[in-house]
Amino acid sequence: MVDIKEVIETNRMIDDMNLDVRTITMGISLLDCVGGDLGSTCDRIYKKITESAKDLVKVGNEIGEEYGVPIVNKRISVTPIALVGGSVCKTSDDFVEIAKTLDKAAETCGVNFIGGYSALVSKGMTAADELLIRSLPKALATTKLVCSSVNVGSTKTGIDMDAVRLIGEMIKETAELTKDDSCMGCAKFVVFCNAPDDNPFMAGAFHGVTEADKIINVGVSGPGVVRAALTKVRGKSFEVLCETIKKTAFKITRVGQLVAQDAAKRLDVPFGIIDLSLAPTPAIGDSVGEILEEIGLEYAGAPGTTAALALLNDQVKKGGVMASSYVGGLSGAFIPVSEDQRMIDAVEAGALTLEKLEAMTCVCSVGLDMIAIPGDTKATTISGIIADEMALGMVNQKTTAVRIIPAIGKGVGDRLDFGGLLGYAPVMPVNTFSCDAFIGRTGRIPAPIHSFKN
Amino acid sequence: MKKTIITVVGTDKVGIIAKVCNYLAENNVNILDISQTIVQGYFNMMMVVNAEESPKDLSVLSKELSEVGDEIGVLIRLQHEDIFKMMHRI
């Protein structure tokens with residue numbers, strides 16, 4: 001029989017500590033939509049998405065109501081569009097048409113984002129890949145719900161530096177085209193190394209080609225619950241600290257597992273994975289930065305931050321893995337800046353710099369996320385920042401990512417306000433020494449050696 | 001049998017249980033167990049019920065119970081028991 005204390009604990013997590021299921025994401029393969037001309041391909045894409053996900057939002061809301069736990073986002077991910085549009089898109093504008101179709105399909109289904117306007121170019125770009133990347137500024141500026149990602153590197157292939165160079169330019173152009181909307185286009189685009197095929201979180205979700213026709217992936221969250229649990233073990237040993245995080249992560253992930261299984265059953269779509277991430281929101285108390293403070297740092301970014309984050313990330317995985325049979329996606333602590341109030345505070349206090357964030361991404365999921373930089377930052381500098389982050393992922397055999405927003409017309413000390421779950425970002429200073437000649441080289445960085453680990 | 005958990009949280013006063021039980025009886029919801037406790041000065045009650053025989057859907061029961069709660073100034077919530085079992089049992 002269920003115990004009243006357990007019931008009270010669960011409901012306190014939901015009411016006071018922002019426990020929620022962050023997203024139910026339906027992955028849909030669009031490979032069977034390819035053929036004919038652009039118009040008929042778009043029609044088939046629209047039809048497949050809207051038929052497959054017609055009940056997604058309704059079922060998500062029903063499950064949320066029945067269990068009394070908020071399911072914040074319902075989303076869709078699709079096959080990387082560079083693969084889908086390869087045979088019918090002859091220009092970048094053709095790809096933009098597919099982006100608009102995705103936008104319309106997402107709106108019809110009532111989801112708040114659709115991911116997969118993507119290209120996988122870790123070793124090289126096909127003509128279609130390059131057209132899609134060149135279409136990004138227009139595609140992101142003319143759609144509302146479409147999220148995009150490009151995988152430019154992997155541990156097995158190295159880093160495609162031609163793509164890194166091109167993406168630096170496209171990020172600047174996207175920011176320019178969306179400058180009247182807080183440069184929002186860049187908030188919907190992420191560049192990856194070692195991108196997973198089953199990530200349910202935006203902006204990087206896409207439905208990998210290794211996946212089944214349809215799949216349900218669920219992203220759990222709960223930084224507020226972890227922080228609240230840690231307030232009770234202040235001053236205690238690392239053993240007690242780790243045990244507390246593990247137990248809490250287990251409980252959070254079990255809720256995700258329940259929701260995922262139920263959603264898969266009701267939608268008659270196989271359950272894929274649970275992404276056991278600590279994903280913060282701008283809500284007070286729902287912050288990874290605050291967990292780091294609770295572990296014992298004045299601010300995120302203080303000396304000790306990387307070690308504290310490594311410990312946190314590892315314990316979240318250890319607790320979460322036991323709670324679900326299938327764990328995948330990004331799984332770890334996210335450290336976005338704009339979406340986490342205490343991370344914003346740390347930047348504004350001068351405690352947290354871009355370089356420290358880069359170090360932190362070595363030990364956690366995923367990368368430099370939602371970071372605003374001065375609008376006059378050069379495209380090559382952006383490419384340099386991306387290349388650094390990709391190298392960390394490549395060498396350390398982990399997923400890394402960059403979602404960076406040049407704040408057009410703004411400088412250090414200003415803010416970019418995105419609103420909603422994306423929050424606001426203080427513009428961070430960037431090292432302005434040149435990497436032009438490095439980024440100007442063509443070709444790719446070779447895959448690293450997989451032995452002689454030091 | 002699918003069990004459902006009803007929780008009532010608020011300031012203690014006369015008639016809370018009566019009001020909730022009346023509503024459940026009217027809607028053919030069977031009460032299997034009741035327990036209550038005071039946490040940080042707040043009255044907490046938990047009922048384990050079987051709502052399978054009720055003519056109303058869980059979502060309707062949930063909404064109406066919440067309205068009953070509003071009338072008497074307490075928070076009433078109806079949830080499927082699986083969320084608690086999953087979270088606290090291996």
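**Figure 1. The loop of chain A that holds A:Ala203 lies between β6 (189-193) and β7 (214-220).** This view, like those that follow, is drawn from a predicted model. The peptide bond that leads from A:Met202 into A:Ala203 is cis, and its omega is near 10°.

**Figure 2. A:Asn18 is a residue other than glycine with a positive phi, of about 60°.** The loop that carries A:Asn18 runs between α1 (4-16) and β1 (21-28) of chain A. Because 23 other C-beta atoms lie within 10 Å, A:Asn18 is classed as buried.

**Figure 3. A:Ser331, which is not a glycine, takes a positive phi of about 40°.** In chain A, A:Ser331 sits in the loop between α12 (305-323) and α13 (341-348). A:Ser331 has 27 C-beta neighbours inside 10 Å and therefore counts as buried.

**Figure 4. Helix α6 of chain A, residues 127-142, contains a kink at A:Leu136.** The bend amounts to about 50° and comes shortly before the proline A:Pro137. From first to last C-alpha, the 16 residues of the helix reach 23 Å, close to the expected 22 Å. Both A:Leu136 and A:Pro137 are among the buried residues of α6(A). Others in that buried set include A:Asp129, A:Leu132, A:Ile133, A:Ser135 and A:Leu140.

**Figure 5. Helix α15 of chain A covers residues 379-396.** Its end C-alpha atoms are 26 Å apart, which agrees with the 26 Å that 18 residues should span at 1.5 Å a residue. The buried residues of α15(A) include A:Thr381, A:Ser383, A:Gly384, A:Glu389, A:Met390 and A:Met394. Just beyond the helix, A:Gln397 has a positive phi of about 55°.

**Figure 6. A:Ile216 is one of the residues that touch the most other members of the largest nonpolar core.** This core has 182 residues, and A:Ile114, A:Ile167 and A:Ile405 share that standing with A:Ile216. Helix α10 (residues 238-267) of chain A supplies the largest share of the core, 12 residues. Residues up to four places away in sequence aside, the contacts of A:Ile216 include A:Ala260, A:Ala263, A:Ala264 and A:Leu267. A:Ile24, A:Met26, A:Val269, A:Phe271 and A:Gly272 are also touched by A:Ile216.

**Figure 7. Chain A is built from 16 helices and 13 strands.** Its radius of gyration is 21 Å; a compact globule of 454 residues would have a value near 22 Å, so the two agree. The C-alpha trace spans about 60 × 50 × 50 Å along its principal axes. Buried residues account for 61% of the chain. Of the contacts between residues at least 6 apart in sequence, 80% link residues at least 24 apart.

**Figure 8. Chain B has 3 helices and 4 strands.** Read from the N terminus, the order of its elements is β-α-β-β-α-β-α. In chain B, 31% of the residues count as buried.

**Figure 9. The contact between the chains involves 23 residues of chain B and 18 residues of chain A.** On the side of chain B that touches chain A, the elements giving two or more residues include β1 (3-10), β2 (30-39), α2 (58-72) and α3 (82-88). The most, 7 residues, comes from α3(B). By class, this side of chain B has 9 nonpolar, 9 polar and 5 charged residues.

**Figure 10. B:Ser62 lies in helix α2 of chain B.** B:Ser62 is buried because 21 other C-beta atoms lie within 10 Å. Apart from neighbours within four places in sequence, B:Ser62 contacts A:Glu65 and B:Leu78.

**Figure 11. B:Gly73 occupies the loop between α2 and β4 of chain B.** With 10 C-beta neighbours inside 10 Å, B:Gly73 is classed as exposed. Its C-alpha atom is separated by 26 Å from that of B:Ile83, 10 residues apart along the chain.

Definitions and conventions: Residues numbered from 1 in each chain as written. Chains lettered and ligands numbered in written order. Predicted model: local features only at pLDDT ≥ 70, side-chain atom pairs only at ≥ 80, totals over all residues. Expected span 1.5 Å × (residues − 1). Bend = angle between axes of the 7 residues up to and from the residue. Buried ≥ 20, exposed ≤ 12 C-beta atoms within 10 Å, placed from the backbone. Core = buried A, V, L, I, M, F, W, Y, C linked by C-beta atoms within 7 Å. Contact = placed C-beta atoms within 7 Å. Rg over C-alpha atoms; globule rule 2.2 N^0.38 Å. Nonpolar A, V, L, I, M, F, W, Y, C, P; charged D, E, K, R; others polar.
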